[in-house]
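Please view the sequence and structure before reading on.

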Amino acid sequence: MGFRSILSKPFASYIVGQQKKWSAEPGKYQAKIFNEIVGKATGTVFGKDHAFGEIKNHDDYKKRVPIRDYEELSPYVKQILDGKADVLWPGKPEYFSKTSGTTSGVKYIPITKESLPNHINSARNALLSYVHETGKSRFLDGKLIFLSGSPELGQKAGINTGRLSGIVNHHVPGYLRTNQLPSYETNCIEDWEQKLEKIIDETINQDMTLISGIPPWVQMYFDRIQARTGKKIKDVFPNFDLFVYGGVNFEPYRAKLFDSIGRKVDSVETYPASEGFIAYQDSQKEEGLLLLSNSGIFFEFIPADEYFNENPTRLSIEEVKTGVNYAVIINSNAGLWGYSIGDTVKFVSTNPHRLLVTGRIKHFISAFGEHVIGEEVEKAMKHTIAKFPETEIVEFTVAPQVTPDEGLPLHEWYVEFSNSPSDLPAFEKELNLQLQKLNTYYDDLQTGHILRSLKIIQLKRNSFIEYMKSQGKLGGQNKVPRLSNDRKIADELMKYKA
């Protein structure tokens with residue numbers, strides 16, 4: 001064993017000990033964070049606009065601070081971009097994390113000196129939790145790769161600006177820097193396919209032990225390696241032991257990814273966002289991701305079915321229940337207040353608080369009132385594939401077809417198979433049945449002859465890669481929405497119909 005793996009174990013024991021303290025009393029630690037961040041921001045522009053000096057508790061806060069998304073918070077961000085200090089948080093941000101917006105175009109999410117440890121330490125602590133529980137630490141002695149965006153930073157109003165993964169890359173601990181791949185120069189390549197080829201050049205003969213990234217882009221990395229070598233990943237990287245991922249549900253990609261590897265490897269799921277690191281998998285034995293209740297963020301949760309109400313219920317961590325879909329709202333030492341990150345989660349445990357990411361609050365299909373969400377389509381696909389085990393998928397997305405050429409309206413599933421089902425009509429029928437079981441509204445619309453059974457549109461090989469390339473979103477942290485309430489993506493994907 002090398003010095004990294006040896007030293008990691010006592011450090012992991014300490015970190016997990018701290019983790020057990022705050023996860024056992026999340027309300028206490030959340031109250032502490034709430035008081036600290038509201039107190040510190042009282043003199044800011046936002047704090048004065050919302051009378052932070054008069055806030056004594058969460059109820060006071062809810063009366064003064066409405067829920068906002070980025071578009072609604074952007075006038076404050078613009079003041080920072082114009083050079084003003086003490087706007088959302090004392091001073092100026094250390095960084096702006098640049099990410100894609102919707103109506104606003106590019107979003108600039110502030111990261112402050114105080115919020116930076118949330119992004120940096122949380123990923124580290126996820127790995128240390130794994131080390132502590134399993135006793136496995138040898139992966140720290142080999143080569144590690146984080147498939148991510150460019151670490152090159154620009155400037156906005158004198159503030160370093162770039163993709164979150166690029167910003168975090170500048171803060172990789174020194175003891176890991178020497179075994180991190182790819183090289184800085186390769187990581188800076190903007191064209192994903194060119195970058196991927198260079199990454200393979202640099203890693204193919206290395207002792208890769210940890211590979212991290214969003215599953216579809218890791219799969220692309222594996223596919224290119226197999227094309228070059230004709231070998232399974234286990235034969236190219238025999239000591240590859242740990243896969244770290246986040247950003248999307250792993251289940252639709254699991255079978256193909258492990259088939260490419262040639263054996264099962266352990267995995268650790270993380271839940272990072274530009275606005276803050278929310279949760280990570282702290283156990284290989286328990287379901288769900290541990291909510292980080294002591295990391296500079298005060299969380300609120302809105303029942304998803306109330307999200308678009310004028311005055312939705314806003315719950316603290318001590319008020320949530322298991323089995324309910326909630327929209328995640330964060331208030332943080334980055335200067336984000338009543339901020340909706342757009343994700344929905346469901347708690348599977350409240351002792352400690354562990355959750356599953358279930359989708360996006362604006363990613364749903366409800367063309368007829370069915371309100372089908374991402375979690376439901378992913379579960380329907382997972383259960384169906386279990387009954388057709390020869391089937392493997394690369395990617396899929398779902399959209400409504402309100403005005404078909406003939407027959408009743410329906411949901412269309414755009415699927416790229418790496419191995420098609422032996423009986424596609426039977427697969428479609430089972431998939432439809434599984435979705436009916438998961439969503440009673442969808443079932444009612446079918447039995448009421450308002451919707452007909454779903455249809456699968458098979459796409460050619462590499463269709464989603466070509467689509468993402470056409471949108472300028474190939475690689476990095478980009479991902480295809482699992483479902484949409486319109487046909488913008490579906491109509492583009494029809495170009496790739498098999």
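Helices here are DSSP runs of H or I with at least four residues, numbered from the N terminus. The model is predicted. By that numbering, α5 is followed by G83, whose phi is positive, near 100°.

**Helix α5**
- Helix α5 comprises residues 70-81, and its end C-alpha atoms span only 14 Å, whereas a straight helix of twelve residues would span 16 Å at 1.5 Å a residue.
- Its buried residues are Y70, L73, Y76, V77 and I80.
- An α-helix has 3.6 residues a turn, so residues three or four places apart point the same way.
- At the start of α5, the backbone nitrogen of E71 has a side-chain oxygen of D69 within 3.3 Å.

**H411**
- H411 sits in strand β19, which runs over residues 410-419.
- With a relative accessible area of 1%, H411 is buried, as the cut-off for that class is under 20%.
- The side chains of H411 and E370 are joined by a polar contact of 2.7 Å.
- Leaving aside residues up to four places away in sequence, H411 touches I365, E370, V372, V398, A399, P400, L435, Y442, L451, L454 and K455.

**Annotated domain**
- UniProt, in an unreviewed entry, lists residues 292-352 as "domain: GH3 middle".
- In the model, residues 292-352 are 0% helix and 44% strand, and the end C-alpha atoms of this span lie 10 Å apart.

Terms used. Residues are numbered from 1 along each chain as its sequence is written. This is a predicted model: local features need pLDDT of at least 70, side-chain atom pairs count only at pLDDT 80 or more; totals for chains, interfaces and linings use all residues. Side-chain values use heavy atoms; hydrogens and water are left out. Helices (H or I, at least four residues) and strands (E, at least two) are DSSP runs, numbered from the N terminus. Buried means under 20% relative accessible area, exposed over 50%, partly exposed in between (1.4 Å probe, protein chains only). A polar contact is a pair of N or O atoms within 3.5 Å; within protein, one must be able to donate a hydrogen and the other to accept it, and residues adjacent in sequence count only if both atoms are side-chain atoms. Contact means heavy atoms within 4.5 Å. The expected span of a helix is 1.5 Å times one less than its number of residues. UniProt positions are given in the numbering used here, feature names are shortened, and annotations may be inferred rather than shown by experiment.
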